Structures are given as structure tokens and as C-alpha cells.
Amino acid sequence: MKSLNIVILGLGRVGMHVAKILCNDIHNVAVIEIKDAKVATARETLDAKVVHGHGADHLVLEEAGIKDVDMLIALAGTDEQNILACQMAARYGVEQKIARIRNPHFFEKKGLISLSDWGVDHVIQPELETAKEIVQLIKRSAATDVLEFADGKIQLIGIRLDPQAPVLYKTIEKISEEFHEHIFRVVAILRNNKTIIPTGKAHLMPRDQIFIIAEAKEIKNIIEMMGKSDEKLEKIFILGGGKVGRATAHLLEKEKSLEIKLIESNPEKTLRLAEELRDTLIIQGDGRDFDLLAREGVVDADALISATSDEETNILTCLLSKHLGVAKTIALINRDEYMPIMAPIGVNAAVNTNIVTSNTILRLIRRGNIVSIALLPGVDAEIMEYQVSQDSKITNRPLSKINFPKDTIVGAVTRNSEVLVPVGSTTLQPNDRVVIFTVPHAIH
């Protein structure tokens with residue numbers, strides 16, 4: 001695995017999250033932050049060079065070692081600062097520049113200058129990435145989480161087990177025997193906010209949130225096997241016409257036969273949304289208003305997405321909608337401490353923009369032969385999609401004979417176009433793409 005010299009500009013929630021992960025690897029990390037309190041926290045918690053200053057100042061960049069850097073990740077508070085930092089990094093010969101950019105005007109095709117002209121190699125759009133995750137959850141109605149690997153051939157889904165689930169109190173080994181016609185792997189269990197990397201002897205218990213990896217075409221059968229129904233959600237309510245709500249509506253409009261309603265309280269924003277969204281009914285009003293929701297037919301809705309800028313409002317409206325009979329509720333939640341309580345209080349799924357953004361950045365970094373990396377809200381584990389190299393020591397030996405770190409599961413293998421869910425006798429071959437689920441201390 002190649003060690004990279006990486007500079008991270010900006011230590012907000014995303015910047016700090018990415019920095020902590022990269023500092024636990026073999027990379028050399030420097031971080032730049034202008035706020036005193038964040039600098040002090042970084043010096044206490046990160047195994048990184050911490051530089052106090054403005055990320056678009058060439059002297060600050062040089063102090064961070066920009067002349068010898070392989071990658072810049074620009075996560076400052078403004079798009080303009082991130083673009084300028086990438087432009088300056090390009091002058092210093094930095095090979096990879098990643099910028100978080102929120103303003104959609106930077107992506108308009110009619111502009112004469114593209115972001116690449118300013119030195120930006122990869123763009124992270126947090127709100128668009130969040131909207132994509134929400135749409136995946138709408139498509140998989142029974143899932144609490146959905147991640148794709150191997151270009152969509154493999155899916156990892158989260159399912160919370162109901163008290164009447166037919167698989168309760170059985171071992172994973174027994175469930176696999178009973179449903180031998182379906183190939184899948186349970187790679188993690190979240191129980192009482194504790195992450196368990198299970199063996200075949202592990203039992204499934206009521207209210208467990210389990211994470212299952214399988215070929216995408218098998219997911220529907222596996223959901224039914226767990227006592228859930230993956231019904232198509234057709235009537236969708238969206239609360240909040242901000243960047244996430246608007247992007248979600250745009251993506252949902254591309255799906256056929258959906259009835260979409262979006263509620264926004266700001267009159268001016270309501271008018272703009274009505275002009276932008278052709279197949280979405282825009283309603284001006286307060287999404288917390290019982291009477292308004294009832295009048296607009298939320299009792300007949302299949303799903304409600306609460307994507308306002310206020311997290312407490314998102315939680316309350318989801319709970320209100322569940323009370324009114326909505327089958328699936330999705331809340332936009334960006335405070336990490338709220339994530340573990342979402343399912344216990346009755347919110348079906350929660351989407352965290354910070355984690356979604358971190359996942360996107362980590363996928364772009366491609367550490368060594370790692371094709372992609374992902375995290376799950378509330379789960380103390382990491383999922384890596386790894387390409388086996390030609391000279392790898394783990395090829396041509398059964399998995400059962402390889403001394404993998406404790407709390408590590410090989411969840412799936414893609415070989416050419418074939419998807420395999422491995423067993424102990426499976427041998428890996430060069431160029432296989434392998435999805436691994438592991439805990440933080442085993443990553444290195």
C-alpha cells in the first residue's frame with residue numbers, strides 16, 4: 001500500500017472525520033485550519049501536522065508541505081476558497097485536488113470555464129450525494145441503509161429485524177442452511193449501539209440492525225427472507241426545499257410513475273421550486289402543521305423525506321408522519337449523536353450528509369489497491385472494496401487458511417463479471433475485487 005502525503009484544508013465535521021481515518025493509516029497527513037478552537041482540538045486528537053492559517057495563503061500551504069504533497073482535499077467553508085486552494089496546489093504540482101463545492105452554478109454547462117481549468121480534479125457535491133443516498137433508500141423500501149459495490153453488482157443493505165421476523169433466535173449458520181438457495185453474507189450486527197462482526201454461531205435477536213451483502217439481484221429475496229416486504233414507494237412527500245430537498249426531487253422525477261409533493265415554508269423559494277421542478281407539486285406551508293399534512297394527503301403517502309435545515313424538525317415530522325400511517329420515513333440528520341436513537345424512536349432511516357461526503361472523499365482517495373471505502377452511520381466499522389494485486393500473498397490459498405485480523409469478514413468477491421459470496425474454501429485470484437468489512441483497529 002503506497003503512503004501518500006495529503007493536505008486537508010478545513011476541519012469542520014467532514015474534514016475532522018476524514019483526517020481521523022487517514023491518520024490511522026500509513027499516510028502522512030497535514031491539516032490547515034484558521035479557527036483557534038479547531039486548531040487546538042486537532043493538535044490534541046490528530047496524529048497529523050496542524051497548520052494554523054488561511055488555506056489559500058501560499059505561505060500557509062508551504063508550511064503544510066505543499067511542495068511534496070500528492071493530494072489536497074479542500075473542505076473549507078466557502079466554495080471560492082476551495083477552488084483557489086486547488087488552483088494554487090496545481091501550481092505547486094500537486095497531482096490530485098479534491099474540492100467540496102456546494103453552489104450548483106459552478107456546474108452549469110453554459111459556462112466558458114470548467115472547474116478543471118481552475119485546477120480541480122474531483123468535485124464533491126454534498127447535497128447531491130445525500131440526495132442520491134435518499135433515492136436509494138426509496139428504491140429499497142425495507143432498508144435502513146444501502147451501499148453499492150462492484151459498479152452496482154453487489155449491494156450492502158441494512159435491515160432492522162421486527163419482533164416477528166422468522167430468522168430470530170437462529171444462528172447465521174442455521175439461516176444459511178435453511179435458505180441455501182440464496183447466497184448472502186451477514187457482515188455486521190448493530191445491537192444496543194454496539195457493532196458485532198459475527199461468526200456463523202452468532203444469533204439474531206429482536207431489534208437487531210443487521211447488514212447483509214449479496215448480489216444486487218438477490219436483495220429482494222433476502223429482504224423477504226428477513227420478514228420484510230420491499231414494496232415500491234410511489235407517493236412521496238418531501239419537507240424542505242433546500243439543496244437536499246430540491247436535489248432529491250430532481251432525482252425522483254427521473255423515476256417513472258412517482259407522485260411527488262414538496263412542502264416549503266419560504267414563499268420566494270416556493271416560487272423558484274415551482275419553476276424548476278416540472279413533475280413535483282410544490283406546496284407552501286409549515287411541514288410541522290398537522291392539518292396541512294392531513295389536507296395534502298400525507299395519510300396516503302408511502303414515504304416522507306424530512307430534509308429541512310433543522311434536525312429537530314426533521315425528527316418530529318418523521319414521528320408525526322409515522323403516527324399518521326406513513327410506511328417509511330427518512331430524516332436528514334447531521335449531528336452524529338442523534339444517529340443511534342433514530343431507529344429506537346421510530347424513524348426508519350436517517351441520512352447524514354457528513355458521512356455521505358466522507359464516503360465520497362474516501363472512495364476518491366483509492367488507498368493502495370483499494371477501489372472504494374464506505375462508512376455506515378452509527379456502525380463502528382469500515383467497508384473496503386479491494387482489488388487483489390498480481391503479487392498478493394493471499395492468492396491461491398483458501399480463505400480459511402489466511403490469517404485475517406480479528407473482526408474482519410470477506411463479504412463478496414467479483415471475478416470478471418461473476419459475483420461470489422465466499423466460503424472458507426474460496427481462493428482469491430489476482431484482479432479479484434473483494435469487499436471487506438472490518439473494525440478500525442484492523443484496517444492497517
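# Buried residues, helices and spaces

Mentor: V186 lies in strand β9. Strands (E, at least two residues) and helices (H or I, at least four) are DSSP runs, numbered from the N terminus. The model is predicted: local features need pLDDT of at least 70, side-chain atom pairs count only at pLDDT 80 or more, and totals for chains, interfaces and linings use all residues. Residues are numbered from 1 along each chain as its sequence is written, and side-chain values use heavy atoms, with hydrogens and water left out.

Trainee: Why is V186 called buried?

Mentor: Its relative accessibility is 3%. Buried means under 20% relative accessible area, exposed over 50%, and partly exposed in between (1.4 Å probe, protein chains only). V186 therefore counts as buried.

Trainee: What does V186 touch beyond residues up to four places away in sequence?

Mentor: I172, P198, I210, F211, I212 and I409. Contact means heavy atoms within 4.5 Å.

Trainee: What about T144: why is this residue called buried?

Mentor: T144 has a relative accessible area of 9%, so it is buried. This residue sits in the loop between α5 (126-139) and β7 (145-149). Leaving aside neighbours within four places in sequence, T144 is in contact with residues including L137, R160, Q209 and N348.

Trainee: Which side chains make polar contacts with the side chain of T144?

Mentor: There is D145, at 2.9 Å, and Q209, at 2.8 Å. The rule is a pair of N or O atoms within 3.5 Å; within protein, one must be able to donate a hydrogen and the other to accept it, and residues adjacent in sequence count only if both atoms are side-chain atoms. The D145 contact runs from side chain to side chain.

Trainee: How do you know whether H27 is buried or exposed?

Mentor: H27 stands at 6% relative accessibility, so it counts as buried. It is found in the loop between α1 (13-23) and β2 (28-33). A polar atom of its side chain lies 3.0 Å from the backbone nitrogen of L4.

Trainee: Why is R207 called partly exposed?

Mentor: R207 is at 39% relative accessibility, so it is put in the partly exposed class. N396 has a relative accessible area of 60%, so it is exposed.

Trainee: What makes the phi of R207 and of N396 worth a look?

Mentor: Most residues other than glycine have a negative phi. R207 has a positive phi near 70 degrees. N396, not a glycine, has a positive phi of about 60 degrees. R207 is in the loop between β10 (194-196) and β11 (209-215), and N396 in the loop between β19 (382-387) and β20.

Trainee: What makes the reach of α5 close to the expected one?

Mentor: α5 has 14 residues and reaches 20 Å from first C-alpha to last, against 20 Å expected. The expected span is 1.5 Å times one less than the number of residues. α11 (residues 311-323), with 13 residues, reaches 19 Å, close to its expected 18 Å.

Trainee: Why is α5 called mostly covered?

Mentor: In α5, 11 of 14 residues are buried. Among them are P126, E133 and L137.

Trainee: How do you know that D310 caps the N-terminal end of α11?

Mentor: A side-chain oxygen of D310 lies 3.2 Å from the backbone nitrogen of E312. Just after α11, G325 takes a positive phi of about 105 degrees.

Trainee: What makes a space a cavity and not a pocket?

Mentor: On a 1 Å grid over the protein atoms alone, a cavity is a set of points where a 1.4 Å probe fits but cannot get out; a pocket is an open set with protein on both sides within 12 Å along at least five of seven lines. Lining residues have an atom within 4 Å of a point.

Trainee: How many cavities of 30 Å³ or more are there?

Mentor: The count is 1. The largest cavity holds about 60 Å³. Its lining includes E133, D145 and N359.

Trainee: What about the second largest pocket: what is its volume?

Mentor: About 640 Å³. Of its 24 lining residues, the closest to its centre are R185, V410, P422, V423 and G424. The largest share of the lining, 4 residues, comes from α6.

Key:
Points joined across faces, edges and corners; volume = space filled by probe spheres on them.
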